[in-house]
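Hello,

Here is the structure for you to look over. My notes on it follow below.

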Amino acid sequence: MLASSTQFCSYMKQASYTPPELNNSYRQRGLLWIYGDSLAVRLVQSVESRSLCKRLYWGCRNSYNWIYPVASEKLSKEQDDDLDFRPEEVIETIVSVLRRPGMQREESVLLLNLGLHFPISVNFRTFQKLIGDLIGVLKETVVDSHGLRVPRYKAKIIWKSSSAIHKEKAEVKNKTNWRFFTTQRVHLFSTYAMSAMCQAGFDVIDVYPLTDSYPGDTYDEVHYPDKVFDAMETMLEKYKVHYNKRVLDNTKKSRMQPLGPVQTPCFT
């Protein structure tokens, strides 16, 4: 279900920024790692001045990727096609973040998105397999020193959906790969990944309806003003204050209440 512009305005009203109240016993713990494309880079820049990075976590980090890590935009443009797609490299890049000492803690969070470059670069079946293989790796377990089976990767993983696009604002519309950059494909890839992650037991944040209902102007075909994501940033602070658990979480409703400003059920 998509949110209306009226709903968007109500989110923005609720999201007027007030730093979270912390009791005296609260201590900064863990890292927040934001993994994704240029939207992830903009998000970490937006939250660096908030309590999220200054008071709740030890700090915020990010990984900038299109399909693979971006060393240079020219090189990434040459790599972003499915003729030489290497899913194991995509997964290994994510796992390399989770292996870091600061991320091998239950207090840390990886906010993860494989976003808008995938509908352009790979076919849907390839993407489905990638998400399935990624879930399998993220859910790996090991036996600890007490003989108990525990998650291999300690950080909490939150999946973030892709945002809506405005292709009419693209500077170049007739490049071959841009034929696949459509609202329908972006929504399909985003919805599938969010549903799969939700059903696998990961918390999810659905920002697609939030951005799709934004009544204001965007900078280009994919980038929004930071204020559009204020509600999500505030929610992430509440999530951290509640010890990396959903606010108002309860077992009965957990499958119907993904983490995020817009509630969408896990699809079956």
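Leaving aside its neighbours within four places in sequence, which residues is Trp159 in contact with? Contact here means heavy atoms within 4.5 Å. By that rule, Trp159 touches Leu112, Asn113, Leu114, Ile131, Leu134, Ala193, Met194, Met197, Asp203, Val204 and Ile205.

First, the ground rules. This is a predicted model, in which local features need pLDDT of at least 70 and side-chain atom pairs count only at pLDDT 80 or more, while totals for chains, interfaces and linings use all residues. Residues are numbered from 1 along each chain as its sequence is written, and side-chain values use heavy atoms, with hydrogens and water left out.

Confidence
pLDDT is the predictor's confidence in each residue, from 0 to 100. The protein chain has a mean pLDDT of 82, and 76% of its residues reach 70 or more. Over residues 1–15, pLDDT stays under 50. The model has 26 contacts beyond four places in sequence for that stretch. Residues 261–265 also stay under 50, with 14 such contacts.

Cores
A nonpolar core is a set of buried Ala, Val, Leu, Ile, Met, Phe, Trp, Tyr and Cys residues joined through side-chain atoms within 4.5 Å. Buried means under 20% relative accessible area, exposed over 50%, and partly exposed in between (1.4 Å probe, protein chains only). The largest core has 38 residues. Leu110, Leu114, Phe118 and Trp159 touch the most other members. Two or more residues each come from strand E1 (31–36), helix H5 (87–98), strand E3 (109–112), helix H7 (124–138), strand E6 (156–160) and helix H8 (183–199). Helices (H or I, at least four residues) and strands (E, at least two) are DSSP runs, numbered from the N terminus. H7 gives the largest share of this core, seven residues. A second, separate core has 37 residues, including Leu39, Val44, Tyr239 and Val241.

Salt bridges
The count is nine. The rule is a side-chain nitrogen of Lys or Arg within 4 Å of a carboxyl oxygen of Asp or Glu. Glu237 pairs with Arg50 at 3.3 Å, N to O. Glu237 lies in helix H10 (residues 230–241) and Arg50 in the loop between helix H2 (38–47) and helix H3 (51–56), so the pair ties together parts 187 residues apart in sequence. Glu237 counts as buried, at 1% relative accessibility. Arg50 is buried too, at 6%.

Lys129 bridges to Asp133, with the closest N and O atoms 2.8 Å apart. They are four residues apart in helix H7, so about one helical turn separates them. Lys129 is exposed at 52%, and Asp133 is partly exposed at 32%. Elsewhere, salt bridges that share partners join Arg50, Asp230, Glu233 and Glu237 into one network.

Aromatic rings
There are six aromatic pairs in the whole structure. Rings of Phe, Tyr and Trp (its six-membered ring) pair if their centres lie within 6.5 Å; planes under 30 degrees apart count as stacked, over 60 as edge-to-face and the rest as tilted. Phe118 and Phe127 have centres 5.8 Å apart and planes at 50°, so that pair is tilted. Both residues are buried. Phe124 and Tyr192 have centres 5.6 Å apart and planes at 85°, so that pair is edge-to-face. This pair links distant parts of the chain, with Phe124 in helix H7 and Tyr192 in helix H8, 68 residues apart. Phe118, Phe124, Phe127, Phe189 and Tyr192 form one aromatic cluster.

Best wishes
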